[in-house]
Amino acid sequence: MIEVKNLKKNFGTLEVLKDITETIHDGEVICVIGPSGSGKSTFLRCLNMLEEHTGGEVIIDGEVLSSKNVNEIRKQMGMVFQSFNLFPHMTVLKNITVAPVKVSGISEQEAQKTAMQLLKRVGLEEKAEAYPEELSGGQKQRVAIARALAMNPRYMLFDEPTSALDPEMVGEVLEVMKGLAHSGMTLIIVTHEMGFANEVADRVLFMDEGYIVEQGTPTEIFNHPKEERTKAFLSKVL
Amino acid sequence: METLKLYLDGILVALQGVPMTVGVSLVAVLIGVILGLFVALMKMSKYKVLNIPAKLYVEIIRGTPMLVQALILAYGLPQLVQSLGGSFKWPYLLIPAMIVCGLNSAAYVAEIIRSGLQAVDKGQMEAARSLGMTHGMAMKLVIIPQAFKIVLPAFGNEFVTLIKETSVLSYVGVREILRRGTLYNAATFNTFQAYIGVAIVYMMLTIPLSKLVGLLEKKMSAGSVKKKRKNAALPPEFSGTMERGEVS
């Protein structure tokens, strides 16, 4: 369970997150939507402390997130980035095994076995020995998902995973994510793919100007939005 | 014929200094890379106890001529120790010579490495940290290997520069290329031939080395992809997008 209490984040004088309180239960699939600059990505990055919050607290499974336990907690939280961030000097296989081996101390063989299973799951077994620069954007992102899954995390954070992709590659990545959603894993997804959010989310959070303005089931948000700002945003994107 | 022989002698004499010049340069560049990496990491640290000494070190080394540093270490230091009642003499002047070149190289290499580390996309650190790696682990496994590749050609250039710079060691009695030429001049008064010989020998070292560095640079920017091409999903022209070797 992830509990966020009165979370605030300033960049200098700029208030990006003003006051966020939210609880995310195990097994939930949460999609965070909202206009650019609304604080969606910052909110997500505060959950694994890639951004250090300036107020409030984040509690993961009862533990208050701090610089002391952040490395332990990050093992529980996989993250997938908009720009993939695969390690270009390592093969696909090595990208996936490096953290389990070096961080969790799993044996190389064991890690490779798991990695091959994960690659199969994302449909890229034959790319194990390839380097990231040889892959298409969609393939890179699927490898990035496999890399995050290799740590066997309880939670997965997705930061606009399809925004940097060519349109024809969006589908293959969303397909993998749907598979994860159906597997019962807890997912928090910042996305601009409204159709996807509508289909897989248990809950949709609409953010604007540093607040969660409205939240509810996809039907509530997409078909019966209550807040004016939600309506205005949806009328632009749908 | 007789004049031609004088030139040839000048070159041959200078050639005798090549092992010394190359040897000192190699040791220096080795010290430089290892020490330089630590200096670079210290300089980038957020802790003042680490970054202030590193900054000071780079400032002092870059702000003073290597000749002056060599004179201080080779002759000044033993004299200071003696004046304080101790007794200290360098067993070989080659030792302070190598130290000075190494310390010097480290300061420049540190700057090269720092620019290389900063050239690595910051998403790489974030990805590594998000997988639970500590900062040190991420540096070692993810950032430094990439930075190293970026700056490898710059290391080559540093080595070429160092070969020329070691000529100042002739002032502290190291019998490298210039020292050989100087001694030859003193013995024969064939001044022009002696120093032209020295210049030619330096060029014989630096020009092929520069060409080699250029070749390396080309090879690196072509990337590691070629040998793995059989697995590739993309057309070959895609591999040309990675431009390496430029350090700002």
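Predicted model: local features only at pLDDT ≥ 70, side-chain atom pairs only at ≥ 80, totals over all residues.
If we ask which elements give two or more residues to the lining, we find α2 (70-75) of chain A together with α2 (18-44), α5 (94-119), α6 (122-130) and α7 (135-165) of chain B.

Turning to chain B, its secondary structure consists of nine helices and zero strands. Of its 248 residues, 43% are buried, and among the contacts between residues at least 6 apart in sequence, 71% join residues that are at least 24 apart. The accessible surface of this chain comes to about 13500 Å², with 69% of that area belonging to carbon and sulfur atoms.

In chain A, the side chains of A:Lys178 and A:Glu199 meet at 3.5 Å, N to O. A:Lys178 sits in helix α6 (residues 167-182) and A:Glu199 in helix α7 (residues 194-200), so this pair ties together parts of chain A that are 21 residues apart in sequence. With a relative accessible area of 17%, A:Lys178 is buried, whereas A:Glu199, at 52%, counts as exposed.

A:Arg229 deserves a moment too, and here I would ask which residue forms a salt bridge with A:Arg229 at 3.4 Å between the closest N and O atoms. That partner is A:Asp208, which lies in strand β9 (residues 203-208), while A:Arg229 lies in helix α9 (residues 228-237), 21 residues apart. A:Arg229 also meets A:Glu209 in a salt bridge, at 3.6 Å, N to O, and A:Glu209 belongs to the loop between β9 and β10 (211-216), 20 residues apart from A:Arg229. As for accessibility, A:Arg229 is partly exposed at 37%, A:Asp208 is buried at 12%, and A:Glu209 is partly exposed at 48%.

Finally, to return to chain B, salt bridges that share partners join B:Lys43, B:Arg62, B:Glu111 and B:Arg114 into one network.

Terms used: Residues numbered from 1 in each chain as written. Chains lettered and ligands numbered in written order. Heavy atoms only, no water. Helix = DSSP H or I, 4+ residues; strand = E, 2+ residues; numbered from the N terminus. Buried < 20%, exposed > 50% of the residue type's maximum accessible area, 1.4 Å probe, protein only. Contact = heavy atoms within 4.5 Å. Areas by Shrake-Rupley, 256 points an atom, 1.4 Å probe, with all protein chains shown as cover. Salt bridge = Lys/Arg side-chain N within 4 Å of Asp/Glu carboxyl O.
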